[in-house]
Amino acid sequence: MTGNKSPDLVPNKFKYMIKDLQRLSEYFGVPMQEPSDPFEVIFIKGSLSAMRFVTAVQEREQGGDKQVEQVSRELCRRIWTEDKDITEPASLTEAAMKAGLSERDIKEALKLSTSKEIKDKLKSTTQDALDYGSFGFPMLVCHVNGKPEMFFGSDRFELMAHCIGEKWHGPQPDKSAAKM
């Protein structure tokens with residue numbers, strides 16, 4: 001393990017996370033708020049069923065990650081804007097419908113999300129992140145000259161750009177992100 005202590009064990013870390021959420025919401029213009037019971041949402045319910053569902057959507061999606069992105073946005077909106085559940089099948093269904101998936105696709109993704117195949121794929125992906133050296137999220141990996149470079153945090157974009165030989169121009173307005 002990484003030795004990084006969870007915010008439920010470090011009260012000041014948790015307070016900072018909530019304050020940082022408010023700052024990020026204002027900065028990016030994305031409406032976000034603390035859930036009414038953040039401890040239950042984060043540490044009791046968690047997001048495992050949502051992660052398995054998104055993994056199942058990704059497994060089924062052909063030709064890109066548009067559905068994965070849209071479902072992820074809807075799940076994020078449910079928990080961080082609307083203070084709604086993301087663990088129950090009905091909640092996953094509602095988010096997927098808002099993301100534009102068909103009833104058939106949703107049923108198949110729900111069924112697949114409980115399969116050993118998807119559970120193993122998510123475990124493998126999580127292990128890959130740990131193998132890169134991750135100790136939390138957000139974590140991004142850039143592959144530069146065939147070598148993976150891991151970055152932690154949402155404040156490392158200028159360093160990632162530099163690493164891949166690009167210039168960072170800061171966040172650009174994205175009308176779809178503001179709708180989140």
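Analyst: The discussion below takes up the nonpolar core, a helix pair and the aromatic pairs. Please note that this is a predicted model.

User: Which residues have the most contacts inside the largest nonpolar core?

Analyst: In soluble globular proteins, nonpolar side chains tend to be buried together. Here the largest nonpolar core has 22 residues, and those with the most contacts inside it are Phe53, Val57, Val71, Leu75, Ala96 and Leu101. Two or more residues of this core come from each of helix H3 (48-60), helix H4 (66-80), helix H5 (89-98) and helix H6 (103-113). Leaving aside residues up to four places away in sequence, Leu75 touches Ala50, Val54, Ile86, Leu92 and Ala95.

User: How is the packing of H3 and H7 to be described?

Analyst: Two packed helices are described by the angle between their axes and the distance between the axes. For H3 and H7 the angle is about 105°, and the axes are 9 Å apart. Angles of 65 to 115 degrees count as roughly perpendicular, and H3 and H7 are therefore roughly perpendicular to each other.

User: Which residues of H3 and H7 meet?

Analyst: On the H3 side they are Leu48, Met51, Arg52, Thr55, Ala56, Gln58 and Glu59, which meet Glu117, Ile118, Lys119, Lys121 and Leu122 in H7. The residues of this contact of H3 with H7 divide into five nonpolar, two polar and five charged.

User: How many aromatic pairs are found in the whole structure?

Analyst: A pair of aromatic rings is described by the distance of the centres and the angle of the planes. A search of the whole structure finds two such pairs. In one, the ring centres of Phe39 and Phe43 are 5.3 Å apart and the planes stand at 45°, so the pair is tilted. Phe39 and Phe43 are four residues apart in helix H2 (residues 38-45), and so are separated by about one helical turn. Phe39, at 42% relative accessibility, counts as partly exposed, as does Phe43 at 28%.

The rings of Phe157 and Trp168 also have centres 5.3 Å apart, but with planes at 20°, so this pair is stacked. The pair links distant parts of the chain, 11 residues apart: Phe157 is in helix H8 (residues 157-163), and Trp168 is in the loop between H8 and helix H9 (175-178). Phe157 is partly exposed, with a relative accessible area of 32%, and Trp168 counts as partly exposed at 37% relative accessibility.

Terms used:
Residues are numbered from 1 along each chain as its sequence is written. This is a predicted model: local features need pLDDT of at least 70, side-chain atom pairs count only at pLDDT 80 or more; totals for chains, interfaces and linings use all residues. Side-chain values use heavy atoms; hydrogens and water are left out. A nonpolar core is a set of buried Ala, Val, Leu, Ile, Met, Phe, Trp, Tyr and Cys residues joined through side-chain atoms within 4.5 Å. Buried means under 20% relative accessible area, exposed over 50%, partly exposed in between (1.4 Å probe, protein chains only). Contact means heavy atoms within 4.5 Å. Axes are lines fitted to C-alpha atoms, for helices over the stretch in contact, and angles run from 0 to 180 degrees between N-to-C directions. Angles under 35 degrees count as roughly parallel, over 145 as roughly antiparallel, 65 to 115 as roughly perpendicular and the rest as oblique. Ala, Val, Leu, Ile, Met, Phe, Trp, Tyr, Cys and Pro count as nonpolar, Asp, Glu, Lys and Arg as charged, and the others, Gly among them, as polar. Rings of Phe, Tyr and Trp (its six-membered ring) pair if their centres lie within 6.5 Å; planes under 30 degrees apart count as stacked, over 60 as edge-to-face and the rest as tilted.
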